[in-house]
Amino acid sequence: MFVRCALKSASFAARESCVVSGGKQTCSALVSKHVRPAVRPLSTNISDRWASNAEELKAGGRSLSVQPVRSYAEAGKKDARQSQLDDLPAAMLKKEYAAVPQAQMTDDVVRRLLTLDLASHKEKLRLKEEQLVAKVRLHENDSSSLAVKVAVLTARIRNYQEHLQQHPKDKANKRRMLMSVDRRKKMLKALRSTRYDVFESVCAQLGISYAFPPEYYRRVTHRWLAKKALCIRVFNELQKRRKEHRRMMAEAAGGAKAEAADKASTDVQGTAA
């Protein structure tokens, strides 16, 4: 309705202008000046834009099927890092089949199933742990010494490090790695204080660089010094009171024993009389 009224008013204005100007301009030209052009639908604009893009692609020598890839959408290439399991040959038998003589005389298909060629990562890691334990064990049946535990933790820590290089946002495995590092640090500290020669051998065989921990981790402030002095004073006063209480209890126990002895002696004398 609104468009119809606008057209009527525009045509009326055009007629008046034609009469006034003496017919120098046509009515259609005047109507085109007063009437606002119709808005093109959205589908038409989109199709025209795709057509212009297609013409640009054809002009650049590229087909429409191959779209240009944006720089941020390209897949990043991960660096091929060296793993501790790379030195394990694929022809090596698994741990449970290493002592079986028949495993060496099987055909190729069965042998691939028994070797590391088709083994899982867990089986390879277990075999790597055995190799590191064999380097540091104290005797043939050693399976629970500190050196063996340090070797097992070292293999697991390196496995966590390789995993976190590929997946740096894995917080759970990062936490497990830090816990394993703390456990190994405590074991190395205990081994260093008890058997220094074994400690040096373990560090050399496993490639561990032992760093001494700092003597104190906390920053000293005046408030902390005052609090520490107060705690020491309270502790000394408490120990003094406990000592006095123990002395009084001992005196009371000694007096009770003396009274019991006197009473017993008087009873004996009364019965004798």
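Guide: In this predicted model, contact means heavy atoms within 4.5 Å.

Visitor: Which residues does Ala-155 touch, not counting residues up to four places away in sequence?

Guide: Ala-155 lies in helix H6, residues 146-166. Leaving out residues up to four places away in sequence, its contacts are Gln-84, Leu-125, Glu-129 and Leu-132.

Visitor: Is Ala-155 buried or exposed?

Guide: Buried means under 20% relative accessible area. Ala-155 has 0% relative accessibility, so Ala-155 counts as buried.

Visitor: How far apart in space are Ala-155 and Lys-128, C-alpha to C-alpha?

Guide: In sequence, 27 residues separate Ala-155 from Lys-128. In space, the distance from C-alpha to C-alpha is 7.0 Å.

Visitor: How many aromatic pairs are there, and why is the pair of Tyr-196 and Phe-199 tilted or stacked?

Guide: Rings pair if their centres lie within 6.5 Å, and planes under 30 degrees apart count as stacked, over 60 as edge-to-face and the rest as tilted. The count is two aromatic pairs. In one of them, the ring centres of Tyr-196 and Phe-199 are 5.7 Å apart with planes at 40°, so this pair is tilted.

Visitor: What is the geometry of the rings of Phe-199 and Tyr-210?

Guide: Phe-199 is buried at 5% relative accessibility. Its ring centre and that of Tyr-210 are 5.2 Å apart, and with the planes at 85° the pair is edge-to-face.

Visitor: Where is Tyr-210 in this pair?

Guide: The pair links distant parts of the chain, 11 residues apart. Phe-199 is in helix H8, whereas Tyr-210 is in the loop between H8 and helix H9.

Definitions and conventions
Residues numbered from 1 in each chain as written. Predicted model: local features only at pLDDT ≥ 70, side-chain atom pairs only at ≥ 80, totals over all residues. Heavy atoms only, no water. Helix = DSSP H or I, 4+ residues; strand = E, 2+ residues; numbered from the N terminus. Buried < 20%, exposed > 50% of the residue type's maximum accessible area, 1.4 Å probe, protein only. Phe/Tyr/Trp six-rings, centres within 6.5 Å; stacked < 30°, edge-to-face > 60°.
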